[in-house]
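Here are a few notes from my read-through of the model. Have it open while you go through them.

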Amino acid sequence: MKKLLRTYLPFTKAVMQGFMAYRMNFYVYILGELFQTVVLIYIWFAIFSSATSEVIQGFTFKQMVGYVVMSTLTSMLIGNEVHWDISQDVKSGRIATNLIKPVNYQLLKFFNCIGNIGINLTFLFLPLWGGYTIFDFISNGVIPNITNGLLYLVSVSLSALILFYINYLFGLAAFFIEYVFGFIFAKEAILKLLSGQLIPLTFFPKGLFNVFKFLPFAGLVYTPTMIYLGKFSEEDLLFNLGVQAVWVLLLMALTQLVWRKAIKRLTILGG
Amino acid sequence: MNEKNMIEVHNLTKTFTAYKKGKGLAGTLKSLFKREAIHIEAVKDISFDIKPGEIIGYIGANGAGKSTTIKMMTGILNPTSGYVKVGDYIPYEKRQENAKHIGVVFGQKTQLWWDLPVGETFAILKEIYQVPDDFYASQMAYFDEIFELSEFMGQTVRTLSLGQRMRADLAASMLHNPKVLFLDEPTIGLDVMVKERIRKAIKDMNQRYGTTILLTTHDMSDIEELCHRIIIIDKGKLLYDGGIDTIRKEFGYERKIVFDLRYDDATLVEQTLETLIPSVDGCQPDNTTYQLSEGQLTVNFNRNQVGVSGIMNFVLSHFNVLDFSVQDMDIEAIVKRF
Ligand SMILES: Nc1ncnc2c1ncn2[C@@H]1O[C@H](COP(=O)(O)OP(=O)(O)OP(=O)(O)O)[C@@H](O)[C@H]1O
Ligand SMILES: [Mg+2]
């Protein structure tokens, strides 16, 4: 374990140091995300004011604000750059660096990903979450529930793993197709919808919801957010955490399979 | 010495398949449906064995297939047919295992992680190759002495100059005392001082640890100083495999003089040059060649049959010469003679 950390922790550090150089980009991007959050809250405000009942699909307006804030924060927290990095490595031929050495590329990218999450946590999640919690306490008298908070930590860790594997797979796509850009942008749009970042998945028609809740995307944002807000019954909680865990295992196996195929292709076609 | 071979290359062949891109809109559309395949035979049926402790110069003109061969030996490329064995492994079947025992430098592209500081790079390499503490310390001390690494230890790889980068790459390839070193153009683009240091390090490694070294270069003096045996390939085919002495005997008298000329009319210069072979003593079309490009006149000739003075006299009296230099014949010219 110590050896593992000594080997791969520098890759986490490099990402965090690199961040200092790009932080303006980062903040501009975040500003866009925050603007979207404000717009979403405003739309919900309009919907709730014109609705006949106080509660829509089990959400009051205040809970809905909580959902929008926590889902945005969750997706900010787990975000990583692994897919862009891998496609760069493949395009530039720098992938060879890792192939001529006895080094584990996936672990290396995983420690890069931890660097991304470390930045998200310190520079985004903690300050914004703190601000929101204080605001919620002052204006609504709400104190966050400790149990939900701890369960959220478990769930969001699984989310981070799922997103790591999804992005890793999209990165590996660069071995097979020339223009990954389009693919990655399409992926981001689909993720926004299916992960529950825009609206809680329960707002989809019953038939769709019953499909979506089994997909890995639900585990990215919807599950941890609902857990944080305490909106799951015990049964729902176990089911959704279970789905997350199963997807982590499935994706882990899938990445191994795709990696092997990717290397095979590379060594036949040439870098 | 151990009779077992360190490297075996048998009927090695690599054919790349590329696809023609259609010209214009119609061509692009057509190539979407029916792509025309072009086969590039980068390496054709090459065989040789290398014994432990040999330093081999693997040479050939641009595009001859040198890097392609090395990629197969390092396991990042599969042969189309034939096989390679390095130590106990078939590299492309046991890439990770093979990687533990080899060191690789591709002079054209760094093999270090782009955005890590040099110091951390070595700390990581120590871990992944499981280099013992005391050996690591002595290696780093040696590298620091010969490559002056501490000068840029804190910089990220991305910010290094070409010479610094190559020194770091070379040190990284040698850190774990590999059995085999693959050095693909380790002296490309470097000044004479750095080249000299690099050659010394290569020699040291070989003498101290009996490291087997395969080296490609376009610099004849690398070969002269380091290799006893050379393998020449051209257009993917093996041309020569043997001692450097034979080559020296055959081509050792080849000389090259490069003149920097000042002139206004290139055709006039060309016309005058046509009288060079008939008017200089001993010059024949088969022992003297010249070419003119962008103000540079290169004359290749055999010193045994043609006097340097004859050629110098001719050029100095007919043209405005700014500068000149006399060199041994280069590798490209030798390959052309085969
Ligand atoms: N991935 C690839 N796809 C298609 N063709 C390739 C590929 N890699 C190399 N080639 C071709 O194979 C031939 C041999 O290339 P290689 O890089 O081995 O030459 P080289 O001897 O190393 O030349 P240089 O001295 O310029 O480095 C060239 O014609 C090159 O264009
Ligand atoms: Mg090459």
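Predicted model: local features only at pLDDT ≥ 70, side-chain atom pairs only at ≥ 80, totals over all residues.

1. In terms of residues, 29 from chain B are in contact with 27 from chain A.

2. What about charges and polar atoms across the interface? The count of salt bridges between chain B and chain A is two. One pair to look up is K13(A) with E120(B), a salt bridge whose closest N and O atoms are 3.0 Å apart. Polar contacts come to ten residue pairs across the interface of chain B and chain A, with both residues at pLDDT 80 or more.

3. Which elements of chain B give two or more residues to the side that touches chain A? They are strand 1 (7-20), helix 3 (95-99) and helix 4 (118-128). Helix 4 of chain B gives the most, with five residues. By residue class, the side of chain B that touches chain A divides into 13 nonpolar, nine charged and seven polar.

4. Now chain B as a whole. Its secondary structure comes to 13 helices and 13 strands, and the C-alpha trace spans about 65 × 60 × 45 Å along its principal axes. Of the contacts in chain B with a separation of 6 or more, 71% are between residues 24 or more positions apart. Chain B has 338 residues, and 50% of them count as buried. Its accessible surface is about 16200 Å², with 50% of that belonging to carbon and sulfur atoms.

5. One residue I'd zoom in on is T74(B), in the loop between helix 2 (66-73) and strand 4 (81-86) of chain B. Is T74(B) buried or exposed? Its relative accessibility is 1%, so T74(B) counts as buried, the cut-off being under 20%. A polar atom of the T74(B) side chain lies 3.1 Å from the backbone oxygen of K71(B).

6. Still on T74(B): what does this residue touch, leaving out residues up to four places away in sequence? From chain A there is I100(A), and from chain B there are P91(B), R95(B), N98(B), I102(B), V104(B) and F182(B). Have a look at R95(B) and N98(B) in that list alongside helix 3 (95-99) of chain B, one of the elements on the side that touches chain A.

Methods
Residues numbered from 1 in each chain as written. Chains lettered and ligands numbered in written order. Heavy atoms only, no water. Contact = heavy atoms within 4.5 Å. Salt bridge = Lys/Arg side-chain N within 4 Å of Asp/Glu carboxyl O. Polar contact = N/O pair within 3.5 Å; in protein donor to acceptor, adjacent residues only side chain to side chain. Helix = DSSP H or I, 4+ residues; strand = E, 2+ residues; numbered from the N terminus. Nonpolar A, V, L, I, M, F, W, Y, C, P; charged D, E, K, R; others polar. Buried < 20%, exposed > 50% of the residue type's maximum accessible area, 1.4 Å probe, protein only. Areas by Shrake-Rupley, 256 points an atom, 1.4 Å probe, with all protein chains shown as cover.
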